[in-house]
Amino acid sequence: MRLKIGRALTVTETALLFLEGARRRGELCRPLDWICEVHDPIGSGEAVIPDALRYYLSGPADGDDWAMLRAFVEVDRATMGPERLAAKVTSYERLYRYVPAVSGRRPALQEPALEEWRRRYPLFPRVLFVLDGIGPAGVENRIRALRGGAGLLAPSRFPCDVPVLAAPLADLLQYGPLRTRVASRPRPRPRPRPRPASLLDRTCVSVDVAR
């Protein structure tokens, strides 16, 4: 029960960070735009059930330069090992390519079946991992595990088509979820300078780390 209460509080705290950030920026994100535990089937009686689905209207709602962004939010409070956490990336990849079976014979001219997620989302939501309850070393271990999980998905297009990001909750509390420092993947020296970015940035990455 204590674990469930702690998880619920962390999920709620994350939701409030997005609400407060949107108000400061004059953008649109309301309490009902945070939907807990949506159910998306991936076949064989299994489903992807994130902690929350976040809708966020980026840019002025009354102007032309705006975009409706969607994100699956996974909150990790160190209640599972890094490998089990990384397995969630595989589950989202299965959802990305899952096409439900059609019973009976299909007419020759019938359009091909589409992925199930297209019935709900115009674009596949990005995936955000919020890490809590661990120190810097634990964060690094989980980031490496997530990157490793994404790297095993080749030749799937999922790692290139869907942004997957991760951030410690402590950093979101300090910098806000909509304006954080993003650290690129390790590269040979000289290392790139961290750049201001948003956890809802439209840039396509495999697994990026918000710091």
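Okay, housekeeping first. Residue numbers start from 1 along each chain as its sequence is written, and side-chain values use heavy atoms, with hydrogens and water left out. Since this is a predicted model, local features need a pLDDT of at least 70 and side-chain atom pairs count only at pLDDT 80 or more, while totals for chains, interfaces and linings use all residues.

So, confidence. pLDDT is the predictor's confidence in each residue, from 0 to 100. The protein chain averages 78, and 76% of the residues score at least 70. When I say helix or strand, I mean a DSSP run, numbered from the N terminus: H or I over at least four residues for helices, E over at least two for strands. One stretch to keep in mind is residues 180-211, where pLDDT stays under 50. For that stretch the model has 86 contacts beyond four places in sequence, a contact being heavy atoms within 4.5 Å.

Now to helix α2. It runs over residues 82-97, which is 16 residues. From first C-alpha to last it reaches 24 Å, close to the 22 Å expected at 1.5 Å a residue; that expected span is 1.5 Å times one less than the number of residues.

Which residues of α2 are buried? They are L85, A86, V89, Y92, E93, L95 and Y96. They cover an arc of only 160° around the axis, which puts them on the same side of α2; the arc is taken from the directions from the helix axis to the C-beta atoms. As a reminder, an α-helix has 3.6 residues a turn, so residues three or four places apart point the same way. Buried here means under 20% relative accessible area, exposed means over 50%, and partly exposed is in between, with a 1.4 Å probe and protein chains only. On the other side of α2, E83, R84 and R97 are exposed.

And what covers the buried residues? The cover includes strands β2 (40-43), β3 (46-48), β5 (67-76) and β6 (126-131), plus helices α3 (136-151) and α4 (158-161).

Next, charges. A salt bridge here is a side-chain nitrogen of Lys or Arg within 4 Å of a carboxyl oxygen of Asp or Glu, and by that rule the count is ten. K88 lies in α2 and E74 in strand β5, so the pair ties together parts that are 14 residues apart in sequence. E74 counts as buried, at 4% relative accessibility.

Two others for you to click on. R119 forms a salt bridge with E116, closest N and O atoms 3.0 Å apart; R119 is exposed at 69%, whereas E116 is buried at 15%. Then D161 meets R157 at 3.2 Å, N to O. There, D161 is partly exposed at 36% and R157 is exposed at 52%.

On to the rings. Phe, Tyr and Trp rings (the six-membered one for Trp) pair if their centres lie within 6.5 Å; planes under 30 degrees apart are stacked, over 60 edge-to-face, and the rest tilted. That gives nine aromatic pairs. Y96 and W117 are stacked, at 6.1 Å centre to centre with 10° between the planes. This pair links distant parts of the chain: Y96 is in α2 and W117 in the loop between α2 and β6, 21 residues apart. Both Y96 and W117 are buried.

F124 and F158 are edge-to-face instead, 6.0 Å centre to centre and 90° between the planes. F124 is in the loop between α2 and β6, F158 in helix α4, and they sit 34 residues apart. F124 is buried at 10%, F158 at 1%. Zoom out, and ring pairs link F72, Y92, Y96, W117, Y121, F124 and F158 into a cluster.

Last bit, the backbone. Most residues other than glycine have a negative phi. E37, not a glycine, has a positive phi of about 50°; this residue lies in the loop between β1 (34-36) and β2 and is exposed at 58%. S44 has a phi near 60°, is found in the loop between β2 and β3, and is exposed at 75%.
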